[in-house]
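This report looks at a ligand and the space around it. Keep the sequence and the 3D view open while reading.

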Amino acid sequence: MSKTLLIIKPDATERNLIGHVINRLEKARFTVADIRMVHLTDQQARKFYAVHEGKPFLDSLVAFMTSGRVVPMLLEKDNAVEDLRALIGATNPEKAACGTIRDEIGRDIEKNSVHASDSDENAATEIGFFFGPDAI
Ligand code: ADP
Ligand code: MG
């Protein structure tokens with residue numbers, strides 16, 4: 001069993017798609033091991049997205065991610081990181097493979113409904129950010 005982090009982003013929580021996303025995850029045999037609902041501050045969002053420091057989209061991304069409630073969750077599955085990235089699809093919903101979560105509910109390249117960790121190393125950092133060091 002390995003772990004990863006998924007966040008349901010504000011564009012999805014505001015459309016009442018929390019249950020829908022969890023249903024997709026559970027159907028794909030992910031186990032929700034922990035879950036929270038938070039409204040991130042500017043400082044928290046900047047810290048979470050520190051890897052994107054200097055990118056042209058960062059300020060807009062932080063504004064979006066602090067615009068409403070988000071639902072971070074700790075997911076468990078064999079090959080969790082890779083399998084979750086495959087399930088959510090490409091960053092840009094227009095390019096996301098048919099049937100992926102971003103293809104299905106993503107609005108645009110920024111408001112793409114879900115975040116997923118992109119490596120085991122980043123998953124550990126991101127899980128620690130929301131659920132503390134004991135969750136890693
Ligand atoms: P991913 O979420 O697929 O790992 P990135 O790590 O590259 O993608 O980017 C983090 C988030 O920043 C994306 O999910 C999206 O919300 C936003 N983003 C990425 N690229 C762009 C872009 N070119 N324009 C606007 N927002 C972007
Ligand atoms: Mg990323």
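Which residues surround ligand 1?

## The shell around ligand 1

Ligand 1 is surrounded by Lys9, His52, Phe57, Leu61, Arg85, Thr91, Arg102, Ile109, Glu110 and Asn112, where a residue is near a molecule if one of its heavy atoms lies within 4 Å of it. By class, this shell has three nonpolar, three polar and four charged residues. Ala, Val, Leu, Ile, Met, Phe, Trp, Tyr, Cys and Pro count as nonpolar, Asp, Glu, Lys and Arg as charged, and the others, Gly among them, as polar.

The model is predicted: local features need pLDDT of at least 70 and side-chain atom pairs pLDDT 80 or more, while totals for chains, interfaces and linings use all residues. Residues are numbered from 1 along each chain as its sequence is written, chains are lettered from A and ligands numbered from 1 in the order in which they are written, and side-chain values use heavy atoms, without hydrogens and water.

## Contacts and cover

A polar side-chain atom of Lys9 lies 2.9 Å from an oxygen atom of ligand 1. For Arg85, the distance from a polar side-chain atom to an oxygen atom of the ligand is 2.9 Å, and for Arg102 it is also 2.9 Å. On its own, ligand 1 has 530 Å² of accessible area, of which the protein covers 78% (Shrake-Rupley method, 1.4 Å probe).

## The pocket

The space taken by ligand 1 is the largest pocket (more than half of the ligand's atoms lie within 2 Å of its grid points). A pocket is an open set of points on a 1 Å grid over the protein atoms alone, where a 1.4 Å probe fits, with protein on both sides within 12 Å along at least five of seven lines; lining residues have an atom within 4 Å of a point.

About 600 Å³ of space lies in the largest pocket. Of its 22 lining residues, Tyr49, Val51, His52, Leu61 and His115 are the closest to its centre.

Methods. Points joined across faces, edges and corners; volume = space filled by probe spheres on them. Polar contact = N/O pair within 3.5 Å; in protein donor to acceptor, adjacent residues only side chain to side chain.
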